[in-house]
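Keep the structure open while reading.

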Amino acid sequence: MRCRHCSTELTNTFIDLGSSPPSNSYVSKEALKDVEQCYPLRVMVCDHCWLVQTEDFVKVDEMFASDYAYYSSYSTSWLDHAKNYVEKVSSKFYLNSNSMVVEIAANDGYLLQYVKDKNIPLKRYNEISEIIEYNKMDCVILMEILEYLRHKYL
Ligand SMILES: [Zn+2]
């Protein structure tokens with residue numbers, strides 16, 4: 001497997017959690033007698049750019065099937081947290097209509113709704129591959145953000 005960010009061959013395991021069925025997947029009554037499908041749950045770290053990432057064994061359409069159970073906006077306490085978080089970071093970083101917020105793995109947009117309420121421009125992606133495939137400029141912005149975080153915290 002190659003790094004999603006820099007394409008370096010991944011050789012370092014960050015954590016190996018054994019195997020697990022896909023999260024939030026239901027088992028039908030008819031399938032209860034069958035062995036549940038499990039997949040390796042291993043997280044790798046790139047020794048070049050330090051991006052931590054899962055190995056993918058389940059296809060996206062299998063993971064997020066029509067009966068997928070979890071959406072972040074179902075939790076009112078989580079929504080309260082998200083709203084408070086946006087208030088704090090927008091104040092701390094002076095975010096306004098000249099700023100740009102980019103969220104990756106945006107789930108159902110539970111967080112960005114509060115960014116939008118503040119009239120802060122935003123981009124929403126569910127996967128890094130969407131950025132790379134559709135918009136090279138956003139990919140450059142993302143890489144700059146990752147580089148900034150790497151210098152600040154590593
Ligand atoms: Zn990398």
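Two strands count as paired if DSSP finds at least two bridges between them. The model is predicted. In it, strand β4 (residues 101-104) and strand β5 (residues 122-125) run parallel and are joined by four bridges. Within this pair, I104 stands opposite Y125 of β5.

Strands of a sheet pair through backbone hydrogen bonds, and the pairing can be parallel or antiparallel. The antiparallel case is found in an open sheet of three strands, ordered β1-β2-β3. Here β1 and β3 (52-54) are the edge strands; each has a single partner strand, so one side of each is left without a neighbour in the sheet. On average, neighbouring strands of this sheet are turned by 15° against each other, direction ignored. Six bridges link β1 to strand β2 (residues 39-45) in the antiparallel sense. One of the contacts to look for is S19, whose bridge partner in β2 is P40.

Which residues other than glycine have a positive phi? Among them is S7, with phi near 70°. S7 lies in the segment before β1 (12-20). It has 11 other C-beta atoms within 10 Å, and S7 is therefore exposed, the cut-off being 12 or fewer.

Y94 also has a positive phi, near 50°. This tyrosine sits in the loop between α2 (76-92) and β4. Y94 is exposed because 8 other C-beta atoms lie within 10 Å.

Technical notes. Residues numbered from 1 in each chain as written. Predicted model: local features only at pLDDT ≥ 70, side-chain atom pairs only at ≥ 80, totals over all residues. Helix = DSSP H or I, 4+ residues; strand = E, 2+ residues; numbered from the N terminus. Buried ≥ 20, exposed ≤ 12 C-beta atoms within 10 Å, placed from the backbone. Axes fitted to C-alpha atoms, helices over the stretch in contact; angles between N-to-C directions.
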